[in-house]
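This report describes a protein model through its cores, aromatic pairs and strand pairing. Please keep the sequence and the structure in view while reading.

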Amino acid sequence: MVFAPAPPDPALPPVRINLFSDTQTRPTAAMREAMARAPVGDEQLGDDPTVNALCERMARLLGNEAAMFLPTGTMCNQIAILTHCRPGDEVLTHEDAHVINSEGGGAAALAGVTLTGLRGARGQFDAETLRAAIRPRRRYAPDQTLLIVEQTANHGGGAVWPLAALDAVAETAGAHGLATHMDGARLLNATVAAGIAPDRMARAMDSVWLDFTKGLGAPLGAVLCGSAPFIDAAWRWKQRIGGAMRQAGMCAAACLHALDHHVERLAEDHANARHLAAGLAAIEGFRVQIPETNLVFVEPGGSLPTADTIASRLRQRGILVSVFGNRLRFCTHLDVDRAAVDEALDAVRRDVSAA
Ligand SMILES: *Cc1c(COP(=O)(O)O)cnc(C)c1O
């Protein structure tokens with residue numbers, strides 16, 4: 001049987017400090033009020049005013065002609081691949097990319113493409129690595145038609161692609177006829193951390209999207225942006241796979257509220273992550289990847305308990321973290337303040353020294 005998430009174990013205490021993921025935020029009272037007040041229409045007829053306002057704002061923010069509202073980031077990636085590629089094509093991305101590892105094989109099942117993973121530290125690769133993976137077009141080789149980059153790189157530790165590196169890989173892709181797509185699930189974490197405007201960060205990309213459930217506090221929603229012809233073609237796939245909605249303005253209102261109130265504060269999450277990383281690094285045996293944004297990966301070495309053991313001890317104290325192999329991942333977000341981070345640090349110190 002494949003792993004399926006289980007309901008919470010009633011024997012465990014309730015989760016008080018949730019560092020599992022920035023997807024675990026609950027909509028604030030103000031966000032819920034904005035949702036309740038939102039004017040709505042029929043989204044798939046194009047007459048939901050709140051969805052239209054969100055799409056116009058997102059297209060402007062990311063420097064594109066057009067935008068489309070979707071329920072999830074996964075659907076943004078899948079629709080982008082379906083729109084850019086044809087069955088049999090090959091897509092190049094990083095070997096740790098979400099689209100390779102965490103979307104249930106959707107790119108193969110839905111679009112019929114193969115995904116090739118490139119290597120590189122922190123979820124990134126350079127233009128030389130990309131160039132080496134590009135083959136001359138031949139009748140017997142798959143057509144390589146799309147490059148996908150993740151900003152920030154999730155399994156790369158929330159690492160931020162430097163602008164020059166992004167521009168360089170996009171230029172190489174373009175020179176060989178590949179389209180470019182940015183998985184911007186946490187794009188605003190990158191722009192806030194780097195102090196670079198979102199439209200500049202996404203300029204070299206043919207399509208880009210942003211997730212409103214990753215640290216921005218919305219209950220659902222992601223927006224895919226691109227040229228007007230791209231979004232026009234993408235709408236066909238949205239309709240086909242059941243992503244066209246009705247009074248979606250209630251959810252778009254949460255996203256607009258997030259843009260107004262939850263973007264600049266991402267800097268606080270980054271500061272909390274740095275604080276947490278410094279505290280963890282002081283524990284002997286922990287290898288900590290210095291965070292650039294809101295994800296802190298740490299590997300217990302030496303005589304320390306395994307990541308699984310530490311995570312289950314923390315869970316007994318009502319502190320939830322995630323585990324990737326033998327790495328723990330702590331994710332800071334708007335429902336975790338500095339006091340909670342300090343309490344989690346204290347708990348880790350006690351849990352690693354317990355027998
Ligand atoms: C979460 C995530 C996705 C998928 O977004 P969902 O809204 O969960 O479908 C895609 N890419 C990256 C890098 C992510 O972190």
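Leaving aside its neighbours within four places in sequence, which residues is methionine 58 in contact with? The residues are Ala67, Leu210, Phe212, Val223, Cys225 and Leu259, where contact means heavy atoms within 4.5 Å.

## Basis of the report

The model is predicted, with local features needing pLDDT of at least 70 and side-chain atom pairs counting only at pLDDT 80 or more, while totals for chains, interfaces and linings use all residues. Residues are numbered from 1 along each chain as its sequence is written, and side-chain values use heavy atoms, with hydrogens and water left out.

## Nonpolar cores

A nonpolar core is a set of buried Ala, Val, Leu, Ile, Met, Phe, Trp, Tyr and Cys residues joined through side-chain atoms within 4.5 Å; buried means under 20% relative accessible area, exposed over 50%, and partly exposed in between (1.4 Å probe, protein chains only). The largest such core has 51 residues, of which Leu54, Met58, Phe69, Leu130, Leu147, Val149 and Phe212 touch the most other members. Helix H11 gives the most to this core, with seven residues. A second, separate core of 28 residues includes Leu276, Leu304, Ile319 and Phe330.

Alanine 254 lies in H11, which covers residues 249-261; helices (H or I, at least four residues) and strands (E, at least two) are DSSP runs, numbered from the N terminus. Alanine 254 is buried, with a relative accessible area of 0%. Not counting residues up to four places away in sequence, alanine 254 touches Met31, Met35, Ala218 and Pro219. Its C-alpha atom is separated by 8.2 Å from that of glycine 217, 37 residues apart along the chain.

## Helix H12

Helix H12 has 16 residues (266-281), and its end C-alpha atoms are 22 Å apart, which agrees with the 22 Å that it should span. The expected span is 1.5 Å times one less than the number of residues. Among the buried residues of H12 are Asp269, His270, Asn272 and Leu276. The buried residues of H12 pack against helix H8, strands S9, S10 and S13, and helix H14.

## Aromatic pairs

Rings of Phe, Tyr and Trp (its six-membered ring) pair if their centres lie within 6.5 Å; planes under 30 degrees apart count as stacked, over 60 as edge-to-face and the rest as tilted. A search of the whole structure finds two aromatic pairs. Phenylalanine 125 and tryptophan 161 form an edge-to-face pair, at 5.1 Å centre to centre and 85 degrees between the planes. Phenylalanine 125 lies in the loop between S4 and H6, and tryptophan 161 in the loop between S5 and H7, so the pair ties together parts that are 36 residues apart in sequence. Phenylalanine 125 is buried at 5% relative accessible area, and tryptophan 161 is buried at 1%.

The rings of phenylalanine 297 and phenylalanine 324 have centres 5.7 Å apart and planes at 55 degrees, so the pair is tilted. Phenylalanine 297 lies in S10 and phenylalanine 324 in S12, so this pair ties together parts 27 residues apart in sequence. Phenylalanine 297 is buried, at 2%, whereas phenylalanine 324 is partly exposed, at 25%.

## Strand S13

Two strands pair if DSSP finds at least two bridges between them. S10 and S13 pair in the antiparallel sense over four bridges, and phenylalanine 297 stands opposite arginine 329 in S13. S12 and S13 run antiparallel and are joined by three bridges; the bridge partner of phenylalanine 324 in S13 is arginine 327. Four of the five residues of S13 are buried.
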